[in-house]
Amino acid sequence: MRVQELLYILLIPSANDVANLLAEHTAGSIPAFADLMNKKAAEIGLKNSHFTNPSGIHDKNLYTTAYDLALLAKYASNNEKFMNIVKTGSYTIPRTDIHPMEDRTFKNSNLLIENSEPNYYYRYATGMKTGFTDPAGDCVVATAKKDGVEFIVVCLKGHTLENGLRSKFIDCKTLFDFAFDNYTTYYKNLQEENNENTSIFDKASDFLSFNIENTQDTSSSNSSLRLLLKVVAVLVILLALFFLIFGKKEKKAKSKKARSKRKWK
């Protein structure tokens, strides 16, 4: 089987045996791969996590936090192939020389992306990964995107509600709805002080740095605003240079004309 096929089986139905297989294939052994995991965790800023195996199976020395899992999800979301796998609803293992039939189909364990599950389905969900152990409970790291805005939700220690529903998916939907409904873009409104002693060049420079550094926005439209501000600032500087050079030339011409008049007198 190809590595890509194994990745689908690993990430869609959460196959722990495949996690071990890929770890041994990559690093030679599970402990060696765990070392690679811990080095990568430190590299991307996970400060309260330690890994001892590739599947997350319970171990007293294996631990993490919701915040670290969110950082990990943010890092993983930049991998296009990974995101394409985790949003896949089901996957059928291709036939092999050992198993000649295509009768092994697995459904994604993340029911937020499964539209046949009305209690759990979330139309904006894009992934990512579920998990379960007895000590950790029912867990999920979920992602969703709406109108160009993306959120990551981490729910740990989930359980079954009185109505039989799984709390982690219900909580994810509630948190995503709250985030999308209450997300707001804020602009910093800073006014430039008028100072008669400040040269036009200083003012132009202040204008440029003020608008580029302080007018920050998470929306894509703000990039156009920043570009416009850059153009305006450059025009202001060029205009100032023009008047400065023109003024000096005019001043020299007047001075030369005055000296010529005094000479003739």
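Mentor: Let's start with the overall layout, then look at some helices and a few backbone angles.

Mentor: First, this is a predicted model, so to speak of local features we need pLDDT of at least 70, side-chain atom pairs count only at pLDDT 80 or more, and totals for chains, interfaces and linings use all residues. Residues are numbered from 1 along each chain as its sequence is written, and side-chain values use heavy atoms, with hydrogens and water left out.

Trainee: How many helices and strands does the protein chain have?

Mentor: Helices (H or I, at least four residues) and strands (E, at least two) are DSSP runs, numbered from the N terminus. Here you'll find eight helices and five strands. From the N terminus on, their order is α-α-α-α-α-β-β-β-β-β-α-α-α.

Trainee: And what share of the residues counts as buried?

Mentor: Buried means under 20% relative accessible area, exposed over 50%, and partly exposed in between (1.4 Å probe, protein chains only). Of the 265 residues in the protein chain, 29% are buried.

Trainee: Which residues of α2 are buried?

Mentor: Val18, Ala19, Leu22 and Ala23. They cover an arc of only 140° around the axis, which puts them on the same side of α2; the arc is that of the directions from the helix axis to the C-beta atoms. On the other side of α2, Asp17 and His25 are exposed.

Trainee: How do I describe the way two helices pack?

Mentor: Two packed helices are described by the angle between their axes and the distance between the axes. Axes are lines fitted to C-alpha atoms, for helices over the stretch in contact, and angles run from 0 to 180 degrees between N-to-C directions. Helix α2 (residues 16-27) and helix α3 (residues 30-43) pack at about 85°, with their axes 8 Å apart. That makes α2 roughly perpendicular to α3, a label for angles of 65 to 115 degrees (under 35 is roughly parallel, over 145 roughly antiparallel, the rest oblique).

Trainee: Which residues meet there?

Mentor: Asn20, Ala23, Glu24, Thr26 and Ala27 in α2 meet Ile30, Ala32, Phe33 and Leu36 in α3.

Trainee: What about α3, which of its residues are buried?

Mentor: Those are Ala34, Met37, Asn38 and Ala41. They cover an arc of only 95° around the axis, so they lie on the same side of α3. The face turned away from that buried side carries the exposed residues Lys39 and Glu43.

Trainee: Now the backbone. What should I look for?

Mentor: Most residues other than glycine have a negative phi, and most peptide bonds are trans. In this model, Ser14 has a positive phi, near 60°. You'll find Ser14 in the loop between α1 (3-11) and α2, partly exposed at a relative accessible area of 27%. Lys157 also has a positive phi, near 60°. That residue sits in strand β5 (residues 149-158) and is exposed, with a relative accessible area of 54%.

Trainee: Where is there a cis peptide bond?

Mentor: Between Gly127 and Met128, where omega is about 25°. Met128 belongs to strand β3 (residues 125-133).

Note on methods:
Contact means heavy atoms within 4.5 Å.
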